[in-house]
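Thanks for making time, everyone. Let me walk you through one structure today. Here it is on the screen.

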Amino acid sequence: MDVPDEDISNDDFPEAPRLGECDPKLIKDVETLVKKFACVKSKTTNKQQLRLIRELKFLLYRNAMSDSWEWKSDVHKLWFDLSTPYLDITMSEQDYLIEFMDKWSRLRRKNQENEAVWNRAKQKAAPALLSGKPQALQDTAKLCREWALKNKKDGVFNLGGKQVEWVVPGVNSQVGGFRYLNLLVNLKVIKLTQRAKAHVRTNQWRYLLND
């Protein structure tokens, strides 16, 4: 499902304080993301910074906070310290911080609509057919059901593994997202009706259950 190329709106949220003053769980989540997207080989700075910023923006949104210069600087310090062995030695920490801030201001996240759908889906019970199945599989089914309800097209909806990864707890990669979708196919919860093409960026599915 293509979604608007818009940044997550958080203008009404309070600014995040210095990282060390945040809730311990938020600090832990930041540290996990920084470790995940720190550079582990040279010439990957741009890719890793962009991936990190996408997730940090989303993390702030989920915690009802807007970014602040101080908070972003603290996070960047963590990233820089871990990435230093693989960075360009002709660039200073301040140079990388400027790049980071510039990317942050320009980057737009395309997952706003998917997050809104997930926020509705997670409030509902999982399909009875999936009772006793792993939580992430139940949650993926709830996401599929909610997309089907939203679209109102005989249960047809578009969804990709990356979208599942972005919002379903316990799904840690795009490959994992597709794995859960394919498991739901095997359980006859959903059916693949059309594979992604050049003009359709995600697979098309049909939700098959009535609950």
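Start with the aromatic rings. Ring pairs join Trp-71, Phe-100 and Trp-104 into a cluster. Here is the rule: rings of Phe, Tyr and Trp, the latter by its six-membered ring, pair if their centres lie within 6.5 Å; planes under 30 degrees apart are stacked, over 60 edge-to-face, and the rest tilted.

A word on the source. This is a predicted model: local features need pLDDT of at least 70, side-chain atom pairs count only at pLDDT 80 or more, and totals for chains, interfaces and linings use all residues. Residues are numbered from 1 along each chain as its sequence is written, and side-chain values use heavy atoms, with hydrogens and water left out.

Now the overall layout. The protein has eight helices and three strands. These are DSSP runs, numbered from the N terminus: helices are H or I with at least four residues, strands are E with at least two. Along the sequence, the pattern reads α-α-α-α-α-α-β-α-α-β-β.

How much of the protein counts as buried? Of its 211 residues, 45% do. Buried means under 20% relative accessible area, exposed means over 50%, and partly exposed is in between, with a 1.4 Å probe and protein chains only.

Next, contacts, meaning heavy atoms within 4.5 Å. Take the contacts with a separation of 6 or more. Residues 24 or more positions apart account for 67% of them.

Back to the rings. By the pairing rule, the count comes to five aromatic pairs. Take Phe-13 and Tyr-61: their ring centres are 6.0 Å apart and their planes are at 45°, so this pair is tilted. The pair links distant parts of the chain, with Phe-13 in the segment before H1 and Tyr-61 in helix H2, 48 residues apart. Phe-13 is partly exposed, at 25% relative accessibility. Tyr-61 is partly exposed too, with a relative accessible area of 25%.

Phe-80 and Tyr-96 form another tilted pair, 6.0 Å centre to centre with 50° between the planes. This pair also links distant parts of the chain: Phe-80 sits in helix H3, Tyr-96 in helix H4, 16 residues apart. Both Phe-80 and Tyr-96 are buried.

Let's zoom in on helix H1. Does its length agree with what we expect, or disagree? The expected span of a helix is 1.5 Å times one less than its number of residues. H1 has 14 residues, 24-37, and should span 20 Å; its end C-alpha atoms are 20 Å apart, which agrees.

Which residues of H1 are buried? They are Leu-26, Ile-27, Val-30, Leu-33, Val-34 and Phe-37. They cover an arc of only 125° around the axis, so they sit on the same side of H1. That arc is taken from the directions from the helix axis to the C-beta atoms. What do these buried residues pack against? Helix H2 (45-62) and helix H3 (69-83). On the other side of H1, Pro-24, Lys-25, Lys-28 and Lys-35 are exposed.

Look at the start of H1 as well. There, a side-chain oxygen of Asp-23 reaches to within 2.8 Å of the backbone nitrogen of Lys-25.

On to charges. Side chains of opposite charge can pair when their charged atoms come close. A salt bridge here is a side-chain nitrogen of Lys or Arg within 4 Å of a carboxyl oxygen of Asp or Glu. How many salt bridges does the structure hold? It holds 11.

One of them joins Arg-18 and Asp-74, with the closest N and O atoms 2.6 Å apart. Arg-18 lies in the segment before H1 and Asp-74 in helix H3, so the pair ties together parts that are 56 residues apart in sequence. Arg-18 is partly exposed, at 40% relative accessibility. Asp-74 is buried, at 17% relative accessible area.

Another joins Lys-36 and Glu-165, the closest N and O atoms being 3.9 Å apart. This pair links distant parts of the chain: Lys-36 is in helix H1, Glu-165 in helix H7 (residues 161-167), 129 residues apart. Lys-36 is partly exposed at 46% relative accessible area, while Glu-165 is buried at 14%. Lys-36, Lys-162 and Glu-165 are linked in a network of salt bridges.

Last one. Lys-103 pairs with Glu-99 in a salt bridge, 3.7 Å between the closest N and O atoms. Both lie in helix H4 (residues 93-106), four residues apart, about one turn of the helix. Lys-103 is buried, at 7% relative accessible area; Glu-99 is partly exposed, at 30%.

Conventions
A polar contact is a pair of N or O atoms within 3.5 Å; within protein, one must be able to donate a hydrogen and the other to accept it, and residues adjacent in sequence count only if both atoms are side-chain atoms.
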